[in-house]
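Here is a short briefing for a reader who works from coordinates. Keep the sequence and the model open alongside it.

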Amino acid sequence: MTIQTSSTNVSMQQLSAQGKFWWVMGGVLSLLLLASAIGWWLHRRAAPDKREVIDNLNMRIRAWWVMVAVLCGCFLLGRVTTLVFFAMASFFALREFTTLTPTRRGDHLPLVVCFYLAIPLQYWLIGADWYGLFAICIPVYGFLLLPALTAFTGDIENFLERSTKIQWGLMLTVYCISYAPAVMLLHIPGYEGQSLLLMLYLLLVVQISDVLQYVFGKLFGKHKLAPKVSPSKTIEGLVGGGLSATAIGTALWWITPFSPLGSAGMSLIIVVSGFLGGLALSAVKRSLGAKDWGTMIEGHGGILDRLDSVCFAAPIFFHVVRYAYA
Amino acid sequence: MITSTLLVGLVRALVGAHGRWIGCAPSSAQRIYFANHSSHLDTLALWAALPAKLRTGTRPVAARDYWGHGGIRGFVADHGFRAVYLDRDASTRDGDPLQPLMDALDAGDSLIIFPEGTRSQEALPQAFRSGLFHLAQRYPKVELVAVYLDTLHRSMPKGSLLPVPLTCTVRFGRCLQWRAGEDKAIFLDRARSAVVELA
């Protein structure tokens, strides 16, 4: 992809990381402005009793503004800020998960360890560039330590269920989400110093896929995919939204170390795993008896409602890239 | 002032403490908020859930044996939420234990009290002690507002040092009044039900 400037052909691929970032952000911001304008217009036009769907759409657009602001902050302020932002996201996501999960007195100590030890440690390991421990800390040491701590308290009622819930919460909200900024751990030859762009790529494709699946589903959706788990997911939404998101991801190949074809493959992987994440987490949520992760705060979905697809897409994307490119 | 702001920020980050006004609206009328008591965070959560304007004129009643020993806790109680101290130990206090509360009410402040007297491990409150009754009798014009704090018993159960972050909702229920001649037990039971119905 090339653009014309007054005198020369500047290949987009040769731009600096900063330059690429602001080109993409410029596009995203224009889209968001357009989306906000449309949302505002729809809200004004709709009858007050039919505003529910539109207000939900506007809520999503607002969440996007927040995410874009956070991403800009990451780029302007660097890797430490990025890690702090994501650590906070993990913190609030785990708080949401724990709130919906029934816990007992005996779960207090393992939960304290999750919040005050596991979160800082996991993100510190990324900052310290310690891939080996980053990858196994929670799934190996955490997996074994947490139930042992629960056992110490002597409360054996529903022990397996309780341990499982804590493990799931920690894996999803801390381990999996931390894989998004962990792309900074990838040292790809010829792509040094640009790893935050890879994070931008991942998050953009995941979120655009979410939005387009939602939009395609609302416009053309007829066949429900899994009505019990997630009534809003349709085959038309998945195919239409997924393919469009893959196309957009492919068109963004110039911010990645991938070829256009490679970028198409990566986008497809992100879209499919993101979809599976949304589906699986929706099932988890419903088995906990809630419709939204954030039902606690009226009018807002929870942070996990926005990050559910990232939970699955980030680790898979990371390991595929690491295997194929790093 | 800065202490209060920081304190509210910390409480929001740890336990959310979002207020939901179900039975009444926020008002600057003089009030006594009474709630179920299951953790040391209750005082802070209820106080933080109030709109900033009401917070400055609302003082939580805090047990002297827990909050009154200086240190970080004492600093938070004195400069953060301006505690009204209550002596729970009958052997060390002299005079009416409710006197500091009445002084605060006479000065025009609103109060936050936990009529169970001590923390319970359960989601539903235990029987109420009589302090609320005496205050209701002596201050018939003060509105008594029932409040229910959910999930906090899981956040910081008895015997734990650190709170587990959870989203707690603070539900404000209806206003209550002592009916002239109403028996103590009946009134306290009515007050407790007003809290229970929010659970």
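This is a predicted model: local features need pLDDT of at least 70, side-chain atom pairs count only at pLDDT 80 or more; totals for chains, interfaces and linings use all residues.

Residues are numbered from 1 along each chain as its sequence is written, chains are lettered from A and ligands numbered from 1 in the order in which they are written, and side-chain values use heavy atoms, without hydrogens and water.

**Sheet of chain B**

- Chain B has an open sheet of seven strands with mixed pairing, in the order 1-7-6-2-5-3-4.
- Strands (E, at least two residues) and helices (H or I, at least four) are DSSP runs, numbered from the N terminus.
- Two strands pair if DSSP finds at least two bridges between them.
- Strand 1 (18-21) and strand 4 (84-86) of chain B are the edges, each pairing on one side only.
- From one strand to the next, the twist averages 25°.
- Helix 6 (residues 99-106) of chain B packs on this sheet, where it touches strand 2, strand 3 (58-63), strand 4 and strand 5 (110-113) of chain B.
- The direction of helix 6 of chain B makes about 160° with that of strand 4 of chain B. Axes are lines fitted to C-alpha atoms, for helices over the stretch in contact, and angles run from 0 to 180 degrees between N-to-C directions.

**Strand 6 of chain B and its partners**

- Strand 2 (residues 31-35) and strand 6 (residues 143-149) of chain B run parallel, joined by five bridges.
- Ile32(B) has Leu144(B) as its bridge partner in strand 6 of chain B. Phe34(B) stands opposite Ala146(B) in strand 6 of chain B.
- Five bridges also link strand 6 to strand 7 (residues 169-176) of chain B, and these two run antiparallel.
- In strand 7 of chain B, Leu144(B) has Leu176(B) as its bridge partner.
- Six of the seven residues of strand 6 of chain B are buried, so the strand is largely enclosed by the rest of the structure. Buried means under 20% relative accessible area, exposed over 50%, partly exposed in between (1.4 Å probe, protein chains only).

**Glu116(B)**

- Glu116(B) sits in the loop between strand 5 and helix 7 (131-138) of chain B.
- Its relative accessibility is 3%, so Glu116(B) counts as buried.
- Beyond neighbours within four places in sequence, its contacts (heavy atoms within 4.5 Å) include Ala35(B), Asn36(B), His37(B) and Arg129(B).

**Chain A**

- Helix 3 (residues 79-100) of chain A has 22 residues and spans 32 Å from first C-alpha to last, close to the expected 32 Å at 1.5 Å a residue. The expected span is 1.5 Å times one less than the number of residues.
- Of those 22 residues, 16 are buried, so helix 3 of chain A is largely enclosed by the rest of the structure.
- An automatic or database assignment sets the domain bounds: domain 1 (17-77), domain 2 (79-185) and domain 3 (189-326) of chain A.
- The C-alpha centres of domain 1 and domain 2 of chain A are 31 Å apart.
- Each of these two domains of chain A gives four residues to the contact.

**Interface between the chains**

- The contact takes 21 residues from chain B and 17 residues from chain A.
- About 1600 Å² is buried between chain B and chain A, with 58% from carbon and sulfur atoms. Buried area is the accessible area (1.4 Å probe) that two parts lose on being put together, summed over both.
- In chain B, Arg154(B), Pro165(B) and Thr167(B) lose the most area to chain A, together 36% of what that side buries.
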